Amino acid sequence: MIEGTVEQVWAVATDVARWSEWDPHEEASRLDGEFVAGTTGWVKPKGAPAGPFTITAVRPEESWSSQAAIPFGRLVGTRRYEQIDANHVRLVERVEVHGPFAPLFRLIWEKGMRRDMPLTFAALEREACNRFAQHG
């Protein structure tokens, strides 16, 4: 759970071009169009290979999902945002790995992703608070 409103958190979380400004795990990113299902983008996580992704579903200010190809499979991510009270948002991020590469992915990257997720959530909270404090 982080401070803020779903509107504020959503605005930051879906601003793909600026992920590397606040997320400690992203080196670079871009989105090749509007934040809607079917739009493609590209991301370079720290310590992992860069690659394209596709937004597969969007429920504004509620959830979004994406999919990325990995060797012999795919990585599917879903992020959910729920307003708990006037000043707090619950975040849930789920990542699934499909295909024969899944065991290697889990061995090399999954544990680090789980360990570092609170850092990303805290950075998202700070960025949302900073952006909306500056812009009312």
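The model is a predicted one, in which local features need pLDDT of at least 70 and side-chain atom pairs count only at pLDDT 80 or more, while totals for chains, interfaces and linings use all residues. Residues are numbered from 1 along each chain as its sequence is written, and side-chain values use heavy atoms, with hydrogens and water left out.

The hairpin of β5 and β6 has 2 residues between the strands, and Phe72 takes a positive phi near 60° there. Strand β5 covers residues 63–70 and includes Ser63; helices (H or I, at least four residues) and strands (E, at least two) are DSSP runs, numbered from the N terminus. Ser63 has a relative accessibility of 8% and therefore counts as buried (buried means under 20% relative accessible area, exposed over 50%, partly exposed in between, with a 1.4 Å probe and protein chains only). Beyond its neighbours within four places in sequence, Ser63 has contacts that include Trp10, Arg79 and Tyr81, where contact means heavy atoms within 4.5 Å.

## The sheet

An open sheet is formed by 7 strands in the order β1-β7-β6-β5-β4-β3-β2, with antiparallel pairing. Its edge strands, β1 (2–3) and β2 (26–31), each pair on one side only.

Strand β7 (residues 88–98) is joined to β1 by 2 bridges, and Ile2 stands opposite Val89 in β7. Between β6 and β7 there are 11 bridges, and these two strands also run antiparallel. They form a hairpin with 2 residues between them, and Asp85 has His88 in β7 as its bridge partner.

Helix α1 (residues 6–13) lies across β1, β4 (51–59), β5, β6 (73–85) and β7, at about 155° to β6; axes are lines fitted to C-alpha atoms, for helices over the stretch in contact, and angles run from 0 to 180 degrees between N-to-C directions. The buried residues of α1 are Val6, Val9, Trp10, Val12 and Ala13. Seen down the helix axis, they fall within an arc of 165°, so they line one face of α1; the arc is that of the directions from the helix axis to the C-beta atoms.

The largest nonpolar core has 23 residues, and Val9, Tyr81, Leu91 and Leu124 have the most contacts inside it. At least two residues of this core come from each of α1, α2 (19–22), β4, β5, β7 and α3 (102–135). Another core, of 5 residues, lies apart from it and includes Ile70 and Phe101. A nonpolar core is a set of buried Ala, Val, Leu, Ile, Met, Phe, Trp, Tyr and Cys residues joined through side-chain atoms within 4.5 Å.

## Aromatic pairs

There are 5 aromatic pairs; rings of Phe, Tyr and Trp (its six-membered ring) pair if their centres lie within 6.5 Å, and planes under 30 degrees apart count as stacked, over 60 as edge-to-face and the rest as tilted. The rings of Trp10 and Tyr81 have centres 5.5 Å apart and planes at 85°, so this pair is edge-to-face. Trp10 belongs to helix α1 and Tyr81 to strand β6, so the pair ties together parts 71 residues apart in sequence.

Trp19 and Phe53 form a stacked pair, 6.2 Å centre to centre with 20° between the planes. One aromatic cluster is formed by Trp10, Trp19, Phe35, Phe53, Trp64 and Tyr81.

How values were computed: Two strands pair if DSSP finds at least two bridges between them.
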